[in-house]
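Trainee: I have a model to read and would like to go through it feature by feature. Please show me how.

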Amino acid sequence: MFSASVDSTFVHKMWDEQELSKMVTGGIPFPMISDAAGNLGRVYGVYDENAGVDIRGRFIIDPDGVVQAMEVMTPPVGRNLDETIRQVQAFQHVRKTKGAEVTPSGWHPGDPVLKPGPDLVGNVWKVWKPRK
Amino acid sequence: MAEESVGCARPTGSVVGASSTRPGSAAPEQPKEVSVVQVRVGGKAPDFQAPAYHQGKFTSVKLSDQLGKWVLLCFYPGDFTFV
């Protein structure tokens, strides 16, 4: 886990010590990256040239270094960490089964998975019921 | 992650393999490169090396050092902002 903003590492230190450590025991456990020049944000498509900041962008990168998911949001709305964790768990499941099992929408660990193949065409309704 | 020495310069991250001009160097003025977004789902995440603060220390992180692990990379507008 890495976080990144255009703030300097000194500001990261102060923010962690002065505020975040009051919300998270022991302070932020992962490295807080300084993207002072916006070089990372530019290549990841999240640097706002006018505002000079990295907007909210979240990338799930698998063990091969492949981007499996991204979510980009304007600043005023916060993210949902539960959804991010759900997506990581789903991607991990798919990877573990080498793609033989895929996860339908809203899937959580333990829920039924889908096994793509000729027999499943038109028959998803038999094996997977959406909640509500 | 080795601890980095702390100076007055403001270090920043860079994409591995990208040409960069050092701040303060009298590099000839070049037309600013149009930044190319290299990220798409299913494609390789651009490798980068960047300074970081981690548990009381100033370090440097490189994305490719994390190969073999799942990585969550989160950008946000700024420290001490509200959301």
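Trainee: What should I know about numbering and cut-offs before starting?

Mentor: This is a predicted model, in which local features need pLDDT of at least 70 and side-chain atom pairs count only at pLDDT 80 or more, while totals for chains, interfaces and linings use all residues. Residues are numbered from 1 along each chain as its sequence is written, and chains are lettered from A and ligands numbered from 1 in the order in which they are written.

Trainee: What are the ipTM and pTM of the complex, and what is the mean pLDDT of chain B?

Mentor: pLDDT is the predictor's confidence in each residue, from 0 to 100. For chain B the mean is 83, with 78% of the residues at 70 or more. The complex receives an ipTM of 0.91 and a pTM of 0.86 from the predictor.

Trainee: How many helices and strands does chain A have?

Mentor: Helices (H or I, at least four residues) and strands (E, at least two) are DSSP runs, numbered from the N terminus. Chain A has 4 helices and 6 strands, in the sequence order β-α-β-α-β-β-β-β-α-α. Its radius of gyration is 19 Å, well over the 14 Å that the globule rule gives for 132 residues, so chain A is more spread out than a compact globule. That radius is taken over C-alpha atoms, and the rule is 2.2 Å times the number of residues to the power 0.38. The C-alpha trace of chain A spans about 55 × 35 × 30 Å along its principal axes.

Trainee: Which domains are assigned in chain A?

Mentor: Domain bounds come from an automatic or database domain assignment. For chain A the assignment gives domain 1 (1–54) and domain 2 (77–132), and the C-alpha centres of these domains of chain A lie 32 Å apart.

Trainee: How many residues does each chain bring to the contact?

Mentor: Two residues are in contact if their C-beta atoms, placed from the backbone, lie within 7 Å. Chain A brings 55 residues and chain B 43. Elements of chain A that each supply at least two residues to its side include β1, α1 (9–18), β6 (67–73) and α3 (81–96). That side of chain A divides into 29 nonpolar, 16 polar and 10 charged residues. Here Ala, Val, Leu, Ile, Met, Phe, Trp, Tyr, Cys and Pro count as nonpolar, Asp, Glu, Lys and Arg as charged, and the others, Gly among them, as polar.

Trainee: Which strands of chain A does β4(B) pair with?

Mentor: Two strands pair if DSSP finds at least two bridges between them. Strand β1 (residues 2–5) of chain A runs parallel to strand β4 (residues 71–75) of chain B, with 3 bridges. Strand β5 (residues 56–61) of chain A runs antiparallel to β4(B), with 5 bridges. Cys74(B) is the bridge partner of Ser3(A) and of Arg58(A), while Val71(B) is the partner of Ile61(A).

Trainee: Is Tyr44(A) buried or exposed?

Mentor: A residue is buried if 20 or more other C-beta atoms lie within 10 Å of its own, exposed if 12 or fewer, and partly exposed in between, with C-beta atoms placed from the backbone. Tyr44(A) is buried, with 25 such atoms within 10 Å. Tyr44(A) sits in the loop between α2 and β3 (47–48) of chain A. Leaving aside residues up to four places away in sequence, Tyr44(A) touches Gly57(A), Phe59(A), Val39(B) and Phe75(B).
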